[in-house]
Amino acid sequence: MKEVIIIGAGASGLMAAISSAKSGHKVTVLEKNEKAGKKIFITGKGRCNITNATDAPNLIANTINNPKFLYSAFNEFDSFKMMDFLEESGLRIVTERGNRVFPASMHSSDVIRTLKGVCDDLGVKFHFNTQVKNITKNESQDKFIINAGKDEFTSDYLILCTGGKSYPSTGSTGDGYKFAESFGHTVTELSPGLTGFNVKEEYPKDLMGLALKNVTLELNINGKKCMKEMGEMLFTHFGISGPLVLTASEYYNLHVRRLKKKKNFKGIEAKVIIDLKPALSEDELISRIERDFDAFKDTFFKNSLRKLLPKSMEEIMVKLSGIKPDKKAREVSKKEISELAHLFKNLELNISSLRAFEEAIITCGGINVKEINPKTMESKLCPGLYIAGEVMDVDALTGGFNLQIAWSTGYVAGKCE
Ligand SMILES: Cc1cc2nc3c(=O)[nH]c(=O)nc-3n(C[C@H](O)[C@H](O)[C@H](O)COP(=O)(O)OP(=O)(O)OC[C@H]3O[C@@H](n4cnc5c(N)ncnc54)[C@H](O)[C@@H]3O)c2cc1C
C-alpha cells in the first residue's frame with residue numbers, strides 16, 4: 001500500500017481519490033477550501049452538466065486543445081463509465097438535449113455529495129482549510145514533502161488536481177502551475193476560455209440583455225474564417241456573450257495561439273460577423289424587405305423594421321444602415337435596400353479582448369502535455385508525480401466535456417501506475 005496525496009478536492013481530485021483508494025492506496029486529499037467541490041457547485045448554473053453521453057471519439061471531437069493527448073484516458077474511463085459509476089453510487093441522472101447529463105435532482109450539490117460519500121466509504125482522508133504552499137522531494141528522491149504552512153505531509157505519490165485559474169473565488173487560483181514548474185515542467189500561455197468578448201463598438205451596451213436566437217456567428221481572425229455556427233448569442237454591457245460566443249472564444253484561443261507561434265506574427269485583428277437572417281439568402285432578404293416596405297408605404301423607415309427585428313434592435317440597425325430615419329419606407333432606394341440586407345447578414349463587431357479569468361468558465365493553456373504520460377498521467381520529468389484536470393493544457397467546448405476531462409484524467413491518475 002502506497003501513500004498518495006492529492007492536492008485539490010475539485011472534480012479531478014475527487015475522482016482521483018476514488019480511483020486511488022479503489023487501487024488499494026492510502027489516500028489523503030488536501031484542499032484549501034473549507035469543503036470539497038466549490039467549483040462543481042456552480043457548474044451548469046447550479047445544475048452541474050456532469051458529462052456528455054457520447055463515445056470517446058466524440059469526446060475527442062469536442063476537445064479543442066490537445067485532443068489526442070486525452071485519447072487513452074477517454075478510452076479507459078469514458079462518459080458512459082462515469083454515468084454508470086454515479087448511478088451505482090446512488091445518484092440518479094438524466095440526459096437532456098445535446099446529450100448533456102445532469103443529476104435528476106438538478107442540484108450540483110448532489111453530485112458533490114455522491115463523490116464525497118464514495119470517498120468517505122473508501123476511507124479517503126480529507127484535510128480542509130489546508131493550502132499547499134510548496135512541494136519538494138526528500139534527499140533520496142523517493143518521497144514528496146508537502147508544505148501547507150503549519151502542516152507538513154509526506155507521500156510516495158502526489159497527484160496535482162489544483163484546477164486552472166478561472167473563477168478564483170472557488171479556490172482555483174493557479175497554484176498548480178507553480179508547483180509543476182518547481183519540478184521542471186513548462187506551462188503554456190494561459191488565457192480565459194469559454195468566455196465573452198469585449199468589443200470596440202459601443203452599441204452592444206444599449207442592447208444589454210437582448211438574446212438573439214437562430215443567428216449565425218462567424219469568427220474571423222486576420223481575415224480568415226475560424227468558426228461559423230448557428231445558435232444563440234447575447235448582448236451585454238461589455239460586448240457579447242452567450243452559447244455561440246463561448247464556443248467562438250475557444251476557437252479564438254486556439255487560432256491566436258497558433259498565430260503567435262508563427263515567425264511573421266504581426267498581431268491579431270479579430271471580429272465576429274453575425275448573420276441575423278441565416279434562413280434567407282441575401283437576395284431573398286432583399287425581396288422580403290421590399291415587400292415589407294411596400295406594405296409600410298408612408299411609414300417612416302425608422303419604424304419599418306419591426307417585422308424583421310426585435311424592437312430593441314430597431315434603432316441601432318437604423319443608425320448603422322446610414323439610411324435617413326425619417327424617410328418614408330417607399331422612398332428607400334433599391335441600393336439602400338440591398339445595403340440594408342447586406343448589413344442584416346453581415347453585422348460586424350470588432351473584438352478588443354476576452355473577458356477576464358474571474359468570469360471565464362475555463363482556463364486555456366496549462367502544464368505542457370508533452371511532459372505528461374497520456375496513459376498514466378504521470379509526469380515524464382518527476383517520477384511519482386501525477387497530474388489531472390484543468391491544470392493541464394487541455395480544454396473543450398461546453399456540454400459537459402470539461403468535467404469529463406477531469407473525471408477521465410482523475411480516474412487514470414488516481415491509479416498511480
Ligand atoms: C461557472 C462555471 C460553470 C461550469 N459549468 C460546467 C459544466 O456544467 N460542465 C462542465 O463540464 N464543466 C463546467 N465548468 C468547468 C469545470 O467546472 C472545470 O473544468 C472543472 O471543475 C475542472 O476540474 P479540476 O478538478 O481540474 O479543478 P477544480 O474543480 O477547479 O478544482 C481544483 C481544486 O484545487 C483546490 N486547490 C487549488 N490550489 C490549491 C492549493 N494550493 N492547496 C490546496 N488546494 C488547492 C481548489 O480550491 C479547488 O477545490 C464550469 C466552470 C465554471 C467556472
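1. Three helices each supply at least two residues to the shell around the ligand: α1 (11–22), α2 (38–42) and α12 (401–414). Helices here are DSSP runs of H or I with at least four residues, strands are runs of E with at least two, and both are numbered from the N terminus. The shell has 39 residues, of which Gly 8, Gly 10, Gly 163, Gly 171 and Gly 389 come nearest to the ligand. A residue is near a molecule or strand if its C-beta atom, placed from the backbone, lies within 6 Å of it. By class, 16 residues of the shell are nonpolar, 17 polar and six charged. Ala, Val, Leu, Ile, Met, Phe, Trp, Tyr, Cys and Pro count as nonpolar; Asp, Glu, Lys and Arg count as charged; the others, Gly among them, count as polar.

2. A word on the basis of this note. The model is predicted: local features need pLDDT of at least 70 and side-chain atom pairs count only at pLDDT 80 or more, while totals for chains, interfaces and linings use all residues. Residues are numbered from 1 along each chain as its sequence is written.

3. Next, the protein as a whole. Its secondary structure comes to twelve helices and 21 strands. Taken along the principal axes, the C-alpha atoms fill a box of roughly 85 × 50 × 40 Å. There are 417 residues, and 46% count as buried. Buried means that 20 or more other C-beta atoms lie within 10 Å of the residue's own; exposed means 12 or fewer, and partly exposed is in between, with C-beta atoms placed from the backbone. Among contacts between residues at least 6 apart in sequence, 72% join residues at least 24 apart. Two residues are in contact if their C-beta atoms, placed from the backbone, lie within 7 Å.

4. The protein is divided into domain 1 (3–191 + 362–414) and domain 2 (196–354). These bounds come from an automatic or database domain assignment. Over C-alpha atoms, the centres of the two domains are separated by 39 Å. Where they touch, eight residues of domain 1 are in contact with eight residues of domain 2. The domain 1 side of this contact has three nonpolar, three polar and two charged residues.

5. A closed barrel of six strands has the order β13-β16-β15-β14-β17-β18, with antiparallel pairing. On average, neighbouring strands of this sheet are turned by 45° against each other, direction ignored. Axes for such angles are lines fitted to C-alpha atoms, for helices over the stretch in contact, and angles run from 0 to 180 degrees between N-to-C directions. Two strands pair if DSSP finds at least two bridges between them. Strand β17 (residues 270–275) and strand β18 (residues 347–354) have five bridges, and Lys 271 has Asn 350 in β18 as its bridge partner. Helix α8 (residues 243–261) lies across β13, β14, β15, β16, β17 and β18, and runs at about 155° to β15.

6. Two residues deserve a separate look. Lys 224 lies in strand β15 and counts as exposed because it has 10 C-beta neighbours inside 10 Å. Its C-alpha atom is separated by 44 Å from that of Lys 415, 191 residues apart along the chain. Arg 355 lies in the loop between β18 and β19 (362–364). With 18 C-beta neighbours inside 10 Å, Arg 355 counts as partly exposed. The C-alpha atoms of Arg 355 and Gly 164, also 191 residues apart along the chain, are separated by 16 Å. Not counting residues up to four places away in sequence, Arg 355 touches Pro 192, Thr 195, Gly 196, Asn 198, Phe 238 and Ala 360.

7. An open sheet of three strands has the order β8-β9-β10, with antiparallel pairing. β8 (134–137) and β10 (151–155) stand at the edges with a single partner strand each, so one side of each is left without a neighbour in the sheet. Neighbouring strands of this sheet are turned by 20° against each other on average, direction ignored. Strand β9 (residues 144–148) pairs with β10 over five bridges, and Phe 144 stands opposite Ser 155 in β10.

8. Strand β6 (residues 100–103) pairs in the antiparallel sense with strand β3 (residues 51–52) over two bridges, and with strand β5 (residues 93–96) over four bridges. Val 101 in β6 is the bridge partner of Thr 51 and also of Thr 95. In the hairpin of β5 and β6, three residues lie between the strands, and Gly 98 takes a positive phi near 70°.
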